[in-house]
Amino acid sequence: MKVKICGLNNPENLQAIQVFNPDLLGFIFYEKSPRCLDLNRMEKPIQELDTNAEKVGVFVDAPIDQVLAYSQLLGLDYCQLHGDESLDYIQTIKAAGLKIIKVFRIGKAGIQKQQLDAFNGLCDYFLFDTNTKNYGGSGKKFDWTIINQYKGNTPFILSGGIGPEDAALIKKVDHPMFAGIDLNSRFESEPGVKNTDSLNQFFTALKNQQSYELFNR
């Protein structure tokens, strides 16, 4: 199971969380987010990161040239797309050598099979997040039983309201395409700064879950 820590926007905090060996590090490029990346202070720390973690740029309907420029500047490995990006949009970014995480916001209507099918085979991962009026970082869970509706063959990352107390709940997720989790707002001291005590509590609980493989690198 892959672990993504997202919404990072503090150089010292970025270094501090490396002790947890996350698989993916997420940086948000959406101006309306309180976690929007401050390039003035984050460009050099991201460029100089000494880690095996892959870097994810989080975008919402951003111009393609902007996505590619940030990706080249910071050495991004993935683009995580939260908006209404088209298939052509994704194909253009993928052709530039970037991997794709496409976000689908899950509400009471459940998973819309037809919508997901259009992206099947084009994206490296889907990310299932809570449907709210804002994009990401809501701290709210959707009904995780809904993921049982998903019958596609693109692996997915589970997001939305995961907190330090949720290790046992995550252990109960049983789906062949379940590939990882996304940690964000419920682990924060303030927007863009992750609380290392909360992360330590969570990772310790995960590793203590019997017969549960956290690090399958």
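These are my notebook entries on a predicted model of one protein chain.

**Entry 1: overall build**

I started with the whole chain. It has seven helices and ten strands. I then looked up the box around the C-alpha atoms, which is roughly 40 × 40 × 35 Å along the principal axes.

How does the radius of gyration sit against a compact globule? With 217 residues, such a globule would have a value near 17 Å, and the protein chain has 16 Å, so the two agree.

I noted that buried residues make up 53% of the 217 residues. The chain exposes about 10400 Å², and carbon and sulfur atoms supply 44% of that. I also checked contacts between residues at least 6 apart in sequence: 61% of these join residues at least 24 apart.

**Entry 2: strand β2**

Next I went to β2, residues 24–28. Is this strand enclosed or open? Five of its five residues are buried, so β2 is largely enclosed by the rest of the structure. I looked at which way the side chains go: L24, G26 and I28 point one way, L25 and F27 the other way, and all are buried.

Then I looked up the partners of β2. With strand β1 (residues 2–5), β2 pairs in the parallel sense over two bridges. Here I5 stands opposite L25. To get from β1 to β2 the chain passes through helix α1 (residues 11–16), and this β-α-β crossover is right-handed.

With strand β3 (residues 54–59), β2 also runs parallel, joined by five bridges. I picked out F27, whose bridge partner in β3 is G57. Between β2 and β3 the chain goes through helix α2 (residues 39–47), in a right-handed β-α-β crossover.

What is the bridge partner of V58 in β4? I found Q80 there. The link from β3 to β4 is helix α3 (residues 64–74), and the crossover is right-handed.

In β4 (residues 78–81), I saw Y78 and Q80 point one way and C79 and L81 the other way, all of them buried.

β4 also pairs with strand β5 (residues 99–106), in the parallel sense and over four bridges. Y78 has K99 as its bridge partner in β5. Helix α4 (residues 87–95) sits between the two in the chain's path, and β4, α4 and β5 make a right-handed β-α-β unit.

**Entry 3: cysteines**

C79 has a relative accessible area of 0%, and C123 has 7%. The cut-off for buried is under 20%, so C79 counts as buried, and so does C123.

Terms used
Residues are numbered from 1 along each chain as its sequence is written. This is a predicted model: local features need pLDDT of at least 70, side-chain atom pairs count only at pLDDT 80 or more; totals for chains, interfaces and linings use all residues. Side-chain values use heavy atoms; hydrogens and water are left out. Buried means under 20% relative accessible area, exposed over 50%, partly exposed in between (1.4 Å probe, protein chains only). Two strands pair if DSSP finds at least two bridges between them. A crossover is right-handed if, with the strands pointing away from the viewer, the path from the first strand over the helix to the second runs clockwise. The radius of gyration is taken over C-alpha atoms; the globule rule is 2.2 Å times the number of residues to the power 0.38. Contact means heavy atoms within 4.5 Å. Accessible areas come from the Shrake-Rupley method with a 1.4 Å probe; for residues, only the protein chains shown count as cover.
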